[in-house]
Amino acid sequence: MHINDAVFLEDLCPKFRLRQWRKSIHRFTEKSCIYCGKPSESIDHVIPRSQGGLSTTQNCVPACLSCNGDKSDENALYWYRRQKFYDPRRAMAIRAWLEGDLRLAIRLLQWANPNFKVKNKNYTKDESEFKAA
Ligand SMILES: [Zn+2]
């Protein structure tokens, strides 16, 4: 596909693209809130838009409505530190996510939540290759 076609398609159906993108974000954490582990019902900006945060995968995490609403316009890392359910492993996961290292973020979330399942087989494959190296 020519690059101009891709841009055109994205302009043509932005709502569809947005929906797919939101779904993919939730899929990373198996639809659990990155902050507290409850079911994620929304997408939260780690760095709020009011502080220049972008709507990119790195800056958008799955969050439950309770966390999203409570956090409001605050920087997620500062907000999260004050929560009762604060877990340093999750804080590291949020940081890794923000840096675009989703693989590391997912590993840290798994560590924080032993019930977390990974359905993405490519991820598991990467993992074994990593260990073998
Ligand atoms: Zn939550």
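**Figure 1. Overview of the chain.** The structure holds zero disulfides, a disulfide being a pair of cysteine sulfur atoms within 2.5 Å. This is a predicted model, in which local features need pLDDT of at least 70 and side-chain atom pairs count only at pLDDT 80 or more, whereas totals for chains, interfaces and linings use all residues. Residues are numbered from 1 along each chain as its sequence is written, and side-chain values use heavy atoms, with hydrogens and water left out. Seven helices and two strands make up the elements of the chain; helices (H or I, at least four residues) and strands (E, at least two) are DSSP runs, numbered from the N terminus. Their order from the N terminus on is α-α-β-β-α-α-α-α-α. Of the 133 residues in the chain, 36% are buried, that is, under 20% relative accessible area, with exposed meaning over 50% and partly exposed in between (1.4 Å probe, protein chains only). Among contacts (heavy atoms within 4.5 Å) between residues at least 6 apart in sequence, 48% join residues at least 24 apart.

**Figure 2. The zinc site.** The zinc ion has as its protein donors the SG atoms of C33, C36, C64 and C67, which lie 2.3 Å from it. Donors are N, O and S atoms within 2.8 Å of the metal (3.2 Å for Na, K and Ca); water is not among the atoms, so sites may look incomplete. The arrangement is tetrahedral because the four donor atoms subtend angles of 103 to 116° around the zinc ion; four donors count as tetrahedral if all angles lie between 85 and 135 degrees. The spacing of the donor residues in sequence is C-x2-C-x27-C-x2-C. C33 lies in the loop between α2 (14-28) and β1 (42-45), and C64 in the loop between β2 (60-63) and α3 (65-71), so this pair ties together parts that are 31 residues apart in sequence. C33 counts as buried because its relative accessibility is 0%; C64, at 3%, also counts as buried, as does C67, with a relative accessible area of 2%.

**Figure 3. The largest nonpolar core.** This core has 25 residues, and those with the most contacts inside it are C33, I34, Y35, C67, I94 and W97. A nonpolar core is a set of buried Ala, Val, Leu, Ile, Met, Phe, Trp, Tyr and Cys residues joined through side-chain atoms within 4.5 Å. Two or more residues each come from β2, α4 (76-81), α5 (88-98) and α6 (102-112), and α5 gives the most, with five residues. Not counting residues up to four places away in sequence, I34 touches V61, P62, R90, I94, W97 and L109.

**Figure 4. Helix α5 and its ends.** The buried residues of α5 are R90, A91, A93, I94, A96 and W97. An α-helix has 3.6 residues a turn, so residues three or four places apart point the same way. The cover over the buried residues of α5 includes α2, β2, α4 and α6. At the start of α5, a side-chain oxygen of D87 reaches to within 2.8 Å of the backbone nitrogen of R89. Just after α5, G100 takes a positive phi of about 85°.

**Figure 5. The surroundings of H45.** H45 is found in strand β1 and is buried, with a relative accessible area of 11%. The side chains of H45 and S55 are joined by a polar contact of 2.9 Å. A polar contact is a pair of N or O atoms within 3.5 Å; within protein, one must be able to donate a hydrogen and the other to accept it, and residues adjacent in sequence count only if both atoms are side-chain atoms. Not counting residues up to four places away in sequence, H45 touches L54, S55, N59, C60 and K71. C60 counts as buried, at 0% relative accessibility.

Conventions:
Tetrahedral: all angles 85-135°; square planar, octahedral: opposite > 155°, others 65-115°.
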